[in-house]
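This report describes selected local features of one structure, residue by residue and element by element. The sequence and coordinates are shown first.

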Amino acid sequence: MRTCIGCKLTAAREHLVRLVRSASETGEPEALVDLRRRMPGRGAWLHPNPDCLQLAIKRRAIVRALPGVGNVSDVESQLAELSCEGT
């Protein structure tokens, strides 16, 4: 069981998407969506729906869970693609 950083509800790993802190090409920390749930690094869990993402952004939960990450626009676009695909 994992806790969603957006809505704070617990769910099984299969129902959540893992966000991971990684280094970009320039060396700055960035947040990535880890679909396989296997990437190394600090991770946080989020329901793959826009409501939980907006709650996480509003409460600055992504920044707190993944210290150093400032820009979450890439995560927003990746999760929007997931919700369109129905994954």
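## Helix α3 and E76

E76 is partly exposed, with a relative accessible area of 30%; the classes are buried for under 20% relative accessible area, exposed for over 50% and partly exposed in between, computed with a 1.4 Å probe on protein chains only. The residue belongs to helix α3, which spans residues 73–85. Helices (H or I, at least four residues) and strands (E, at least two) are DSSP runs numbered from the N terminus. Beyond residues up to four places away in sequence, E76 touches L53, Q54 and I57, where contact means heavy atoms within 4.5 Å. The C-alpha atoms of E76 and V33 are 9.5 Å apart, while 43 residues separate the two in sequence.

## Basis of the model

The model is predicted: local features need pLDDT of at least 70 and side-chain atom pairs count only at pLDDT 80 or more, whereas totals for chains, interfaces and linings use all residues. Residues are numbered from 1 along each chain as its sequence is written, and side-chain values use heavy atoms, with hydrogens and water left out.

Strands β3 (residues 17–23) and β4 (residues 29–34) run antiparallel and are joined by 6 bridges; two strands pair if DSSP finds at least two bridges between them. V33 of β4 is the bridge partner of L19. The hairpin has 5 residues between the strands, and G27 adopts a positive phi near 95° there.

D34 lies in strand β4 and counts as buried, at 4% relative accessibility. Apart from neighbours within four places in sequence, D34 is in contact with R18, V20 and M39.

The D34 side chain also makes polar contacts (pairs of N or O atoms within 3.5 Å; within protein, one must be able to donate a hydrogen and the other to accept it, and residues adjacent in sequence count only if both atoms are side-chain atoms). This side chain of D34 reaches the backbone nitrogen of M39 at 2.9 Å and that of R37 at 3.1 Å. R37 is located in the loop between β4 and β5 (43–46) and is partly exposed, with a relative accessible area of 25%.

R37 has a phi near 60°, a positive value in a residue other than glycine. R60, likewise not a glycine, has a positive phi of about 60°. R60 sits in the loop between α1 (50–58) and α2 (61–65) and is exposed, its relative accessible area being 52%.
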